[in-house]
Amino acid sequence: MTIDKKFISQFVKVTTKAALASSYLVGKNDKIAADKAAVDAMRSELNNINMRGKIVIGEGELDEAPMLYIGEKIGTNNGPELDIAVDPLEGTNFAAKNLPGALSVIAVAEKTNLFNAPETYMDKIATGKVERGVIDLDYSISKNIKNLSEYKNKSPEQMTACILDRPRHKKIIDELKALNVKLKLITDGDVSGALLVSKEEYNVDIFLGIGGGPEGVLAASALDTLGCFFQCRFLFKTETDKKRGYAMGISDFNKKYELNEIISGDSIFCATGITTGDLVQGIKLEENKFYSETLITHKSSNINKIIKEEQYI
Ligand code: VTB
């Protein structure tokens, strides 16, 4: 089974409309308003699509509506059964503060093929294509860097590691510095951060560290089509986290997940820029028109491209 190519343009419309709605709130220093605009636009576009869709990764649970909540049924209830992960506004700070890198993101898989991730933190590691055993979440930082350096035939000084700039990453950052690896320290937006390993021109060799679980699954769905390496482990720190994990059917809280356990089968991934970032340009508004850029992947047709659109408002 595959997801018909005709759905690509429909999901591009979903993230584009969400990005456009949010773009009016860029620089207003109001994260909630920017997020709500993206959520509302995304929901209304999703409900126009002929599918029996279900949100498996969203923004909170039923009682937290008007978010696109986990378990919410979307679409016209007529068409294929699809599981959908959304981050209508990835990088709420970026949009609120008018900084680079805000995106509207969606990942779509056939029913049951997308991991129903709890809203916990996730320890992640991603690189471009490597052979089995080269990189592993459980290796030391120095072993991963040494192996990747040998595999890519690049010295550690020629390599760049992308990681969220957080106090929790101090040890990893210090180790990377000691190894002479260049750092790309991001303040938010680790969906984009992870995707930077997918092309040499982005100049990121490895992405690692602890970020949001839902963001990890979203990035993984694109990395799968892009032939990249990804491994992760959900982190269940609090009792609430554990409850969420149990509710989602997770019994082994220390399990390390391979990419094919997070996403399998066919998938579509779309990320539209709200503010210009490393991957795509943001929404550019003119009097009666807007310009948008969307990164698209579709596994079964091996599509991996960035499209630019110009539309009347
Ligand atoms: C990341 C990043 C998000 O949260 O997942 C990060 O992708 C992790 O959480 O854009 P902390 O901020 O608590 O470290 C965001 O930065 C915001 O949702």
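1. Which residue forms a salt bridge with Lys124, and how far apart are the closest N and O atoms? In this predicted model, the partner is Asp190, and the closest N and O atoms of the pair are 2.8 Å apart.

2. A second pair involves the loops that lie around the same helix H6 and its neighbours in sequence. The side chains of Arg166 and Asp188 meet in a salt bridge, with 3.3 Å from N to O. Arg166 sits in the loop between strand S6 (160-164) and helix H5 (170-178), while Asp188 sits in the loop between strand S7 (182-186) and H6, so this pair ties together parts that are 22 residues apart in sequence. Arg166 has a relative accessible area of 23% and is therefore counted as partly exposed.

3. Towards the end of the numbering, Glu310 and Lys289 form a salt bridge whose closest N and O atoms are 2.8 Å apart. Glu310 is part of strand S14 (residues 303-312) and Lys289 is part of strand S13, so the contact ties together parts that are 21 residues apart in sequence. The two partners fall into separate accessibility classes, since Glu310, at 48%, counts as partly exposed, whereas Lys289, at 16%, counts as buried.

4. Another pair to inspect is Asp224 with Lys299, whose side chains meet in a salt bridge at 3.1 Å from N to O.

5. The chain is divided into domain 1, which is made of residues 6-111 and 266-312, and domain 2, which covers residues 121-262. Taken over C-alpha atoms, the centres of domain 1 and domain 2 are separated by 23 Å. The contact between them takes 25 residues from domain 1 and 21 residues from domain 2.

6. How much area do domain 1 and domain 2 bury between them? The value is about 1,900 Å², and 65% of it is on carbon and sulfur atoms. On the side of domain 1, the residues that lose the most area to domain 2 are Glu90, Asp278 and Leu279, which together account for 26% of what that side buries.

7. The polar side of this interface can be described by two counts. There are two salt bridges between domain 1 and domain 2, and five residue pairs are found in polar contact across the interface, with both residues at pLDDT 80 or more. The elements that each supply at least two residues to the side of domain 1 that touches domain 2 are strand S3 (81-90), helix H3 (92-97), strand S4 (103-110), strand S11 (267-273), S13 and S14. By class, that side of domain 1 has 14 nonpolar, six polar and five charged residues.

8. Two asparagines deserve a look at the backbone. Asn180, in the loop between H5 and S7, has a phi near 70°, a positive value in a residue other than glycine. With a relative accessible area of 48%, Asn180 is partly exposed. Asn302, in the loop between S13 and S14, also has a positive phi, of about 55°, although it is not a glycine. Asn302 counts as exposed because its relative accessibility is 61%, and the class requires a value over 50%.

9. A last point concerns Glu287, which lies in the loop between strand S12 (284-285) and strand S13 (289-298). Is Glu287 buried or exposed? At 84% relative accessibility, Glu287 counts as exposed. The C-alpha atoms of Glu287 and Tyr312 are separated by 9.2 Å, and the two residues are 25 residues apart along the chain.

Key: Residues are numbered from 1 along each chain as its sequence is written. Side-chain values use heavy atoms; hydrogens and water are left out. Helices (H or I, at least four residues) and strands (E, at least two) are DSSP runs, numbered from the N terminus. Buried means under 20% relative accessible area, exposed over 50%, partly exposed in between (1.4 Å probe, protein chains only). A salt bridge is a side-chain nitrogen of Lys or Arg within 4 Å of a carboxyl oxygen of Asp or Glu. Domain bounds come from an automatic or database domain assignment. Contact means heavy atoms within 4.5 Å. Buried area is the accessible area (1.4 Å probe) that two parts lose on being put together, summed over both. A polar contact is a pair of N or O atoms within 3.5 Å; within protein, one must be able to donate a hydrogen and the other to accept it, and residues adjacent in sequence count only if both atoms are side-chain atoms. Ala, Val, Leu, Ile, Met, Phe, Trp, Tyr, Cys and Pro count as nonpolar, Asp, Glu, Lys and Arg as charged, and the others, Gly among them, as polar.
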